[in-house]
Amino acid sequence: MTPERLPGHPHLAYRGDALHLEEVALDALAERFGTPLFVYSKAAMLQALAAYQRGFAGRDARVCYAMKANSSLAILQLFARAGCGFDIVSGGELQRALAAGADPTTIIFSGVGKTRAEMAAALQAGIGCFNVESEAELEVLSAVAQSLGLRAPVSLRVNPNVDAKTHPYISTGLKGNKFGIAHERALAAYRHAHALPGLRVVGIDCHIGSQITEAAPYLDALERVLDLVDAIEAAGITLEHLDFGGGLGIDYHGETPPAADALWAQLLERLDARGYGQRRLLVEPGRSLVGNAGVCLTEVLYLKPGEERSFCIVDAAMNDLPRPAMYQAYHGIVPLHGRPTLDAPLWEVVGPVCESGDWLGHDRALAVRAGDRLAVLSAGAYCMSMASNYNTRTRAAEVLVDGREAHLIRRRETLPELMRNEVLLP
Ligand code: PLP
């Protein structure tokens with residue numbers, strides 16, 4: 001029987017009436033490991049990475065996976081083995097990347113609030129670059145590096161004041177955002193960095209937002225950043241690399257973002273035209289490498305039909321899948337058995353958490369009964385890495401599928417683990 005693929009999810013398909021990820025029946029995984037369960041496709045991740053690698057063929061470029069999207073060790077290991085560096089935003093992410101076998105020189109450290117201890121740990125590990133986000137941070141980093149007898153390689157994250165046309169919470173390149181150094185201040189900040197004894201200026205960086213579905217904001221940001229590069233180099237400060245951040249969107253609900261290779265063909269054309277095509281290039285994609293490689297399996301606990309709304313209460317919740325509650329985000333929801341149909345009752349798909357904000361999908365047509373299992377789609381990015389223990393819920397287990405094989409990459413958290421750092425009063 002020919003598998004029926006789900007649009008936008010080339011590695012997910014119904015074979016017979018059972019949903020498979022690669023060659024593995026998802027219901028069998030839910031049976032074996034329980035629910036909620038995150039399941040990822042190795043092939044989908046490598047295919048997403050390959051689009052960037054194709055786009056950069058023949059260039060001096062590196063993909064630094066923005067591990068905040070999904071920082072599970074086995075996933076980092078997969079990307080490290082595939083040649084990626086890492087974009088980190090905390091000392092914790094540094095330790096995770098190193099534990100997964102990352103080459104420290106391929107690590108770049110972003111974020112507006114690096115502490116002295118985090119800076120020292122990253123300097124001692126020998127990371128490739130700090131993406132500095134303020135002039136105050138420059139001073140502190142220089143002092144920390146000097147105290148260790150080192151010089152910190154730095155790139156300044158500039159804020160090009162470009163509208164990424166995405167949700168306000170994930171738009172980062174506008175003047176009013178907390179990120180980066182204002183375009184107008186950037187040249188002065190570069191002079192400042194160049195003069196500080198503990199720093200070595202190596203690059204420039206910009207990241208304008210996330211879930212970007214058009215090429216235009218990238219092209220605008222590129223021109224604005226290259227204007228700055230012209231000015232910085234005219235001032236006698238040479239930049240070894242240009243970092244264009246991450247942010248490329250994925251298809252959650254019919255969005256049509258450009259493919260990474262097509263986007264980079266356009267950007268490289270502009271870089272070539274302006275004489276920077278042979279410069280070392282870095283990118284920091286997160287979501288576009290992992291988002292559509294993952295699903296979250298969940299079981300229907302109860303159906304609660306009502307006059308105004310009918311609720312389908314499942315065992316996954318906002319603590320597992322925070323994006324709907326945080327950003328009103330859409331995730332597709334499909335049955336593990338049978339096929340998606342529009343010809344079924346509409347349900348509010350909600351979790352057990354005691355918050356009205358704990359919903360996973362509104363008005364979903366589902367032919368379901370209690371005990372059935374569902375897959376929440378596009379759950380590879382910003383789900384497990386944002387998961388919490390709210391309502392004292394243990395975090396889900398994770399499985400990586402590779403062809404016919406399934407590897408448990410994270411055991412389900414246990415209640416004793418969850419309480420182990422707490423201390424009762426005497
Ligand atoms: N780089 C930086 C500095 C970021 O803040 C982020 C996301 O917030 C990313 C890269 C990754 O973005 P995305 O997952 O949208 O590719």
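Start with D272 and R59. Their side chains meet in a salt bridge, 2.8 Å from N to O. This is a predicted model, so keep that in mind. The pair links distant parts of the chain, 213 residues apart. D272 sits in helix α9, residues 260-273. R59 sits in the loop between α2 and β6. D272 is partly exposed, at 37% relative accessible area. R59 is partly exposed too, at 23%.

Next, R280 and D60. Again a salt bridge, 2.9 Å from N to O. R280 lies in strand β14 and D60 in the loop between α2 and β6, so the pair ties together parts 220 residues apart in sequence. R280 has a relative accessible area of 28%, and D60 comes in at 35%.

Now the domains. Domain 1 covers 4-41 plus 291-419, and domain 2 covers 110-285. Their centres are 35 Å apart. How many residues does each domain bring to the contact? Domain 1 gives 12, domain 2 gives seven. About 830 Å² is buried between them, with 56% from carbon and sulfur atoms. On the domain 1 side, N292, Y327 and Y330 lose the most area, together 51% of what that side buries.

And salt bridges across that interface? The rule finds zero. One residue pair is in polar contact there. Helix α11 supplies the largest share of the domain 1 side, three residues. That side divides into three nonpolar, eight polar and one charged.

Terms used. Residues numbered from 1 in each chain as written. Predicted model: local features only at pLDDT ≥ 70, side-chain atom pairs only at ≥ 80, totals over all residues. Heavy atoms only, no water. Domains from an automatic or database assignment. Contact = heavy atoms within 4.5 Å. Buried area = accessible area lost by both parts, 1.4 Å probe. Salt bridge = Lys/Arg side-chain N within 4 Å of Asp/Glu carboxyl O. Polar contact = N/O pair within 3.5 Å; in protein donor to acceptor, adjacent residues only side chain to side chain. Helix = DSSP H or I, 4+ residues; strand = E, 2+ residues; numbered from the N terminus. Nonpolar A, V, L, I, M, F, W, Y, C, P; charged D, E, K, R; others polar. Buried < 20%, exposed > 50% of the residue type's maximum accessible area, 1.4 Å probe, protein only.
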